[in-house]
Amino acid sequence: MSNYSIHKEAPLLEVKNLETAFNIDGEFYNAVDKVSFNVKPRQIVGVVGESGCGKSVMSLSVMQLLPKGVGKIRGGEIIFEGVHLEKMSEKEMNKIRGRDISMIFQEPMTSMNPVFTIGFQLQEVLFNHTKISKAEARQKSVALLKSVGISRPEKIVDEYPHQLSGGMRQRVMIAMAIANQPKLLIADEPTTALDVTVQAQILELLKSIQEVNDMSVIMITHDLGVVAEMCDEVIVMYAGRIVERADVDTLFYNPKHPYTELMMGAIPKMDEDKEELSSIKGIVPSLKNMPATGCRFANRCPKAMPECTTITPQLGEIEQGHEVACILYEASMPKEGVKA
Amino acid sequence: MSNTTLIDNENLLEIRNLKTYYPVKGGFFRRTIGNVKAVDDVSFEIKKGETLGLVGESGCGKSTTGRTIIRLLNATDGEILFEGKDITKLRGKTLQAIRQDIQMVFQDPYASLNPMQMVGDIVSEPIRNFKNVSMNDLKDEVMDLLTKVGLPEDAYYKYAHEFSGGQRQRIGIARALALRPKLIIADEPVSALDVSVQSQVLNLLKQLQKEFDLTFLFIAHDLSVVKHMSDRIGVMYLGNMVEIAERNSMYAEPLHPYTQALISAIPMPDPRRKKERIVLEGDVPSPLNPPTGCPFHPRCPAAMAECSQVKSALKEVKPGHRVACHLY
């Protein structure tokens, strides 16, 4: 839960004006467009948005795992503990990945190598960053598997990924990710492929590991329920930009951006009876057809004004810790001298 | 939605002790060496005009149930009564005829539409199969259907790949509506869609239900979506129906320990609500080798000695609320 005294510390990760572009038919288009945010130590930051909003691309940019030749970071800074990640060589990045920052992916089947045993893959992570003997590594992987709630870990180390269920595989992925006690864990839709009772187990596990290891987490998800249960702070993305950022309580009880408001009303809730859900007309514009100026949500927004297509809103603070990018709010108007 | 006023007390569909097994072949002669009991003795009924929701986790048999009802799969045992007529054993022309009355909307809007066909041909195919209509009438009817599901008329000449996921699902719905069926089986119709598009499709389905007097069997894994759509909800676990009740009764007072865990496991989009969560141990067992007795007993927090021996039958505990559990 958010504890404000600890959040005054220097951020663990700072992302400033990040622009990540993808090559489509020979031209680069920004999939992430001038995104800035911080992650403080021990904080769980949720990133929500629909498919194609750039949330995964943003996390791949932080990890420097963009597909070569297709995606590239065009501008901005990614600062982890004072070090600029975007300027690092592949070799230097390899030291950071898996040791200081790790990632869990959505599909636990495709993110493991099917021809190696669970133990082999776990030990690989350990060998990459620490000098330990084979016996120690095996011992440690058994302990890791145990810590993520796998029963019979001594047997599972010698099994192959296909012998495990989806939930077990995701536990193994988490064990790999936390093997070197990273300071930051990026979880990209970690429970989307799982059934709801298994999802509950995995969320509980992630939360307890975060508390024990004093880890920061970036939780990427499209599920607002997961956000509400897990996160301290939430970033809402739409079409490559951050449209709203607030602590979890403010976001759910006092959303300000029309997109956030509509999204909240679009999910059916167990404890209410609604004849009709709010829906957002139209679809997210494709990367190639993004409007050049103005708000990217303007063409679907019920509150759109003529200025919305000409003035590009800036993420501005409307109250302490609550930022919105919508020109309905004075704080979002572009500052003097800044080109929209 | 509560369209209680529209619901007749007449059963449109009645399922009695339905069993659908998938044979497992093995050995030198590819003999059947076992059965995956995907649906194992399930009974329920759907009244005219209502929406019955089927929920459960992957492998619980909810999709197999839907596919058996529409006869894409053959039942191993049991009866499917549609308007009082047994359709379990129908073949050939009589089976064809029943398909006019029961249609299906599939989960994957990418895989369930033929990429080589124009949308107009996709939607008109069911009509061409069953009715003799002139080309002009056919086209008018399809245009009308496309508008009804919220697609532009020029969609007629386009191909499925030119549409987004939500629009493709609308095409699938138009195709299902083409023959004005009485029952539509919707198998996870929105689980491949984003929330904002999901709500569009859910609203559309409700609106069409009123307009065309439809009865729905709504299959989904998302309990909040099912509750939003259904009048009654059936919960399945490992091929068995463990609980079936009117939706508010199911939500307010779930009786089966599995239903209780399932409801408590759903992350609520409300940060102020801290609830007691029942976290189940382990995974769903393989339906190839289901546990003896109650299929849920190895994970059940309330399991008793008899649970591992005897499977409880579905019994009515409160009016309209049936549960299969030895606790009651």
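**Notes on the two-chain model**

1. Let's start with chain B, which has 9 helices and 12 strands. Its radius of gyration is 21 Å, close to the 20 Å that the globule rule gives for 328 residues, so chain B is as compact as a globular protein of that length. Please keep in mind that this is a predicted model.

2. The C-alpha trace spans about 70 × 60 × 40 Å along its principal axes, and buried residues account for 45% of the 328 residues. If you take the contacts between residues at least 6 apart in sequence, 64% of them join residues at least 24 apart.

3. Now to where the chains meet: 34 residues of chain B are in contact with 36 residues of chain A. On the chain B side, α6 (195-212), α7 (223-229) and α9 (257-265) each supply at least two of the touching residues. The greatest contribution comes from α6(B), with 7 residues. Sorted by class, this side of chain B has 17 nonpolar, 10 polar and 7 charged residues.

4. Over in chain A, helix α7 (residues 196-213) is worth a look. Its 18 residues should span 26 Å at 1.5 Å a residue, and the end C-alpha atoms are 25 Å apart, which agrees. Just after α7(A), D214(A) takes a positive phi of about 55°.

5. Which residues of α7(A) are buried? They are V196(A), T197(A), V198(A), Q199(A), A200(A), Q201(A), I202(A), L203(A), L206(A) and Q210(A). Within chain A, these buried residues pack against β3 (44-48), α6 (166-178), β7 (184-188), β8 (216-221) and α8 (224-230). They also pack against α9 of chain B, and α9(B) is one of the helices that supply at least two residues to the side of chain B touching chain A.

6. Finally, a residue on a strand: N17(A) lies in β1 (residues 13-24) of chain A. Is N17(A) buried or exposed? With 11 C-beta neighbours inside 10 Å, N17(A) counts as exposed, because the cut-off for exposed is 12 or fewer. Leaving aside residues up to four places away in sequence, N17(A) touches K34(A), S36(A), G75(A) and G76(A). As for K146(A), 129 residues from N17(A) along the chain, the C-alpha atoms of the two are separated by 41 Å.

How values were computed
Residues numbered from 1 in each chain as written. Chains lettered and ligands numbered in written order. Predicted model: local features only at pLDDT ≥ 70, side-chain atom pairs only at ≥ 80, totals over all residues. Contact = placed C-beta atoms within 7 Å. Helix = DSSP H or I, 4+ residues; strand = E, 2+ residues; numbered from the N terminus. Nonpolar A, V, L, I, M, F, W, Y, C, P; charged D, E, K, R; others polar. Expected span 1.5 Å × (residues − 1). Buried ≥ 20, exposed ≤ 12 C-beta atoms within 10 Å, placed from the backbone. Rg over C-alpha atoms; globule rule 2.2 N^0.38 Å.
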